[in-house]
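Reader: I'm new to this one. Can you walk me through a few details?
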Amino acid sequence: MLLDTASLYYRAYFGVPESVKAPDGTPVNAVRGLLDFIARLVRDHRPDDLVACMDNDWRPAWRVELVPSYKAHRVAETVAGGPDAAGAPAAGQEETPGTLAPQIPVIERVLDAVGIARVGADGYEADDVIGTLVRRASGPVDVVTGDRDLFQLVDDARGVRVLYPVKGMGDPTVVDEAVLREKYGVAGGAAYADLALLRGDPSDGLPGVPGVGEKTAARLLEAHGDLDGILAAVDDPSSGLTPAQRRRLDAAREYLAVAPKVVRVAGDVPLPDFDAALPAEPLHPRELEELSQTWGLGGSLRRLLDALAG
């Protein structure tokens, strides 16, 4: 089981009220919400291995170089002619809600003390870490994420599926190839990646091909197989593309030449050594107890430890 950790703690932050606080009054809604969600995942699915995958670089320079608009709207702006506002991220960092940012180091310390493997790689997003671990896996994999980008990893033949929380931190929907066919009209994860780059994604700053929406992209993929097949059809007068489709795709060649590397997750990220085995008991119990007392983790931590022990 691979956790898209940032995606999940964002979900927890917005899904659990800020009235959930530590003894000193600091909100810990993201911390406790994430712990409760992991406890439910462990209880319901009993994975052999569990890895919390991290964003060491949420907007890698190599992706921005290819598509400069990539996540550009999420970058924090500095105040012109003056220092950043107190507590705000520096320019070039991702804008994070003010009461979430202090919770992220707590989440990291708690996961480390519990003994849940936490893995990231400099210059790469958590998606790339997940893609690499999926490629390395010899058995079935559940990817837990609130980000549709990772639907591209779905592969029934290898037992790779996505657990996607639809609302807040509720029970996740299982996304397999049947779901991709029904909802998006594509044959599998690889086709979903092509659909995504054709359609574009404003939340990631990906422009897509103007005039080609999700349904049109799905029809193009059904007719021509994949992105390469679609581009070959642009050059083939007998391919059946409408004049408008041919014109739009031809005009977007420069984008389509680089978009696959931006949209598709990396599968060859160099990762540090780590122990992915699901822990049955805390790795650092004394530190975990101190963290629990300081941050008022209470029942959320107890439920996670009970699930791990069970």
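Reader: Where is Asp194 found?
Author: Asp194 is in helix H7, residues 189-199 (helices, H or I, are DSSP runs of at least four residues and strands, E, of at least two, numbered from the N terminus). This is a predicted model, where local features need pLDDT of at least 70, side-chain atom pairs count only at pLDDT 80 or more, and totals for chains, interfaces and linings use all residues. Residues are numbered from 1 along each chain as its sequence is written, and side-chain values use heavy atoms, with hydrogens and water left out.
Reader: Is Asp194 buried or exposed?
Author: Asp194 counts as buried, at 4% relative accessibility (buried is under 20% relative accessible area, exposed over 50%, partly exposed in between, with a 1.4 Å probe and protein chains only).
Reader: Which residues does Asp194 touch?
Author: Leaving aside residues up to four places away in sequence, Asp194 touches Leu221, Asp226, Leu227 and Arg264 (contact means heavy atoms within 4.5 Å).
Reader: Other topic: how do Phe151 and Tyr164 pair?
Author: Their ring centres are 5.3 Å apart and the planes are at 75 degrees, so the pair is edge-to-face (rings of Phe, Tyr and Trp, its six-membered ring, pair with centres within 6.5 Å; planes under 30 degrees apart are stacked, over 60 edge-to-face, the rest tilted).
Reader: Which parts of the chain does that link?
Author: Phe151 is in the loop between strand E4 (141-144) and strand E5 (160-165), and Tyr164 is in strand E5, 13 residues apart. Phe151 is buried, at 3% relative accessible area.
Reader: Which residues make up the cluster?
Author: Ring pairs link Phe151, Tyr164, Tyr184 and Tyr192.
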